[in-house]
Structures are given as C-alpha cells and as structure tokens.
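Please work through the exercises below with the sequence and the model open beside you. Each task is followed by a solution that goes step by step.

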Amino acid sequence: MKFNNKIVIVTGGARGIGASIVQHFINAGAIVHILDREFPDSFDVGGNDSVFRASGDVTNSDDVKSFIKGVVTKSGRIDSLVNNAGIIRDNMIWKMDESDFDAVIDVNLKGPWLMCKEIAPIMREQNNGRIVNIASRSWLGSAGQSNYSSSKGGIVSLTRVLALELGKNNITVNAVAPGLIDTPMTRSLPPEVFKKLENTIPTKKAGHPEDIAHAVAFLASDESKFINGQVIHVDGGKSIGANLH
Ligand code: NDP
C-alpha cells in the first residue's frame, strides 16, 4: 500500500505499537506527525522531512489544538489520523482507585474524542479523510480492567458514531482491536502473567506491533474506502471465545 506524500497523524507514536505504525507509514512514503508525551533518546524513526515530533498530552485540549494547528501549518492537510495513545491501570474494581479509572478514561477515550473533534472540521473541509482508532480485544470484557475495557468499549462506540456523522464527507472511521501484543506496555506485566495470557490465544503467541500496523495501514488506505464503522480484531483469534486447550 502506497501513501506517497499523504499526511498522517499518530498519537503515542514514540514507542510500542505507535512507533511501528509510524515506521510502516514512513516506509510507504507518508509524512507522519507524532503527538506523544515524550520521546525516548533511542527514538530513531524516519528522516527529518518525513517525521515531525511534538510533545504533548492527548487529554489536554490546548495541547491537541496547538498540535493540529502545527500540522496544518507545516503540511497543509491531514489525510489520516491514528488514535493510538493509551494506558493501562489494571485492578479488580474493589481495589481500583477512582484516579485510575479517571486516568484511563481520559487518555483512552477523551483523548481520541478531542483529536477527532479538532480534525473533523479539517477533514470535512477537504471532503476526505481516514480515522483509525486503536481499541483492544478487551472491549469485549476483561476481568481486572473495568477502566480499560470501558474506555475501549467507549472508543468502539465513538468509532461507530463518527462513521455515521462523517461518512457523507468521504471520511471513514474504523477501529483495530489488538489482542496481546509484545510491547513495553504488556512487558510491564509480571512474566508469568504475560505467559498465561499468551496461552489463552488460539495461536499461542503474542502478536507483534507490525501485525497492528498492517491492519491500520489497510484501514487508512484508499482500498478500504467502503469499510466504515467497523472493528477489526487482530488477536490470534482470542475474540472468538473461550479456549481451554
Ligand atoms: P505503550 O505504552 O508501549 O505506548 C503508548 C504510547 O502512548 C507511549 O509512548 C505513551 O507515552 C503514549 N501516551 C500515553 N498517554 C499519552 C497521552 N496522554 N498523551 C500522549 N501520548 C500518550 O503502549 P502500546 O504500544 O502497547 O499500546 C498502544 C495502543 O494499543 C494503546 O491504545 C493500547 O491500549 C492498545 N493496545 C495494546 C495492546 C498490547 O497488547 N500492547 C493490546 C490491545 C490494545 P508515555 O511513555 O508517556 O506513557
């Protein structure tokens, strides 16, 4: 899939799945703008004129507004938005702090909403655009994730609503729901928990960030123009149901 000179925004693109999505788009010829809280010293993706980095917080509407303004000033348009930034703060509901509920809903749901709110008028004006939201398989439900699953269920609903609101302007809005992917976020789990989770996947292995990047690129491409408001699970089959063998 070619994205020559297409302007793509990726939130949370400094590491993990986001960095892989950024690399994928750059390899395909796109110009990528990244909004992330911070960039590790090791961050080394793309050349100077194919990737722009901005430090900011997706939950802060001033940061989001000034970032989008900067993108339009530098690149003149926005072809695709990938809402990828996300956090986890897992615990059973009886042990979960209210602040961990608020933080996860803020980053995983309000952040994408703020990004879409600012970008929708620009894409409507262009009469063209692609929005890809990174949900999670756990939007279907996952014990210990009342905050996270709710935020990801919320982003699926947001996807479906915006697909209805923006479709007539040639803008599609879809979601990718990853299963267990090997990233810094999931490697922060105790190794025995990671292994246990891996064992519940029909294919018995965690996915890699590139597995998500491929699905995102497809949904951001011209080829997917008639797919709108959908969720693609990229999870080794985990979303099908219980798997005890
Ligand atoms: P990582 O933690 O590895 O990377 C997430 C990136 O988002 C980090 O660079 C992080 O910055 C950034 N970020 C977090 N909060 C904000 C914020 N408020 N504003 C701007 N940037 C922010 O996560 P993954 O790559 O694993 O996950 C990426 C997405 O995929 C998330 O939405 C996640 O929920 C989803 N996902 C991941 C799965 C997995 O197995 N890895 C499974 C299912 C879904 P900082 O370093 O400052 O936190």
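**Exercise 1.** What percentage of the 245 residues in the protein do buried residues make up?

*Solution.* Before counting, note that this is a predicted model, in which local features need pLDDT of at least 70 and side-chain atom pairs count only at pLDDT 80 or more, while totals for chains, interfaces and linings use all residues. Residues are numbered from 1 along each chain as its sequence is written, and side-chain values use heavy atoms, with hydrogens and water left out. Buried means under 20% relative accessible area, with a 1.4 Å probe and protein chains only. By that criterion, buried residues make up 49% of the 245 residues.

**Exercise 2.** Which pattern does the protein follow along the sequence, and what is its radius of gyration?

*Solution.* Start with the elements, which are DSSP runs numbered from the N terminus (helices are H or I with at least four residues, strands are E with at least two). The protein has 7 helices and 7 strands, and their order is β-α-β-β-α-β-α-β-α-β-α-α-α-β. Next, take the radius of gyration over C-alpha atoms and compare it with the globule rule, 2.2 Å times the number of residues to the power 0.38. The protein has 17 Å, which agrees with a compact globule, because 245 residues packed in that way would have a value near 18 Å. The C-alpha trace spans about 50 × 40 × 35 Å along its principal axes.

**Exercise 3.** Which residues are the closest to the ligand, and which helices each supply at least two residues of the shell around it?

*Solution.* Count a residue as near when one of its heavy atoms lies within 4 Å of the molecule. On this basis 27 residues surround the ligand, and the closest are Arg-15, Asn-84, Tyr-148, Ile-181 and Thr-183. Helix H1 (16–27), helix H4 (146–166) and helix H5 (184–187) each supply at least two residues of the shell, and the largest share, 3 residues, comes from H5.

**Exercise 4.** Is Thr-159 buried or exposed, and with which residues is Thr-159 in contact, leaving aside its neighbours within four places in sequence?

*Solution.* First locate Thr-159, whose place is in helix H4. Its relative accessibility is 0%, so Thr-159 counts as buried. Then list its contacts (heavy atoms within 4.5 Å): beyond the neighbours within four places, the partners of Thr-159 are Asn-133, Val-173, Asn-174, Ala-175, Gly-229 and Gln-230.

Technical notes: Buried means under 20% relative accessible area, exposed over 50%, partly exposed in between (1.4 Å probe, protein chains only).
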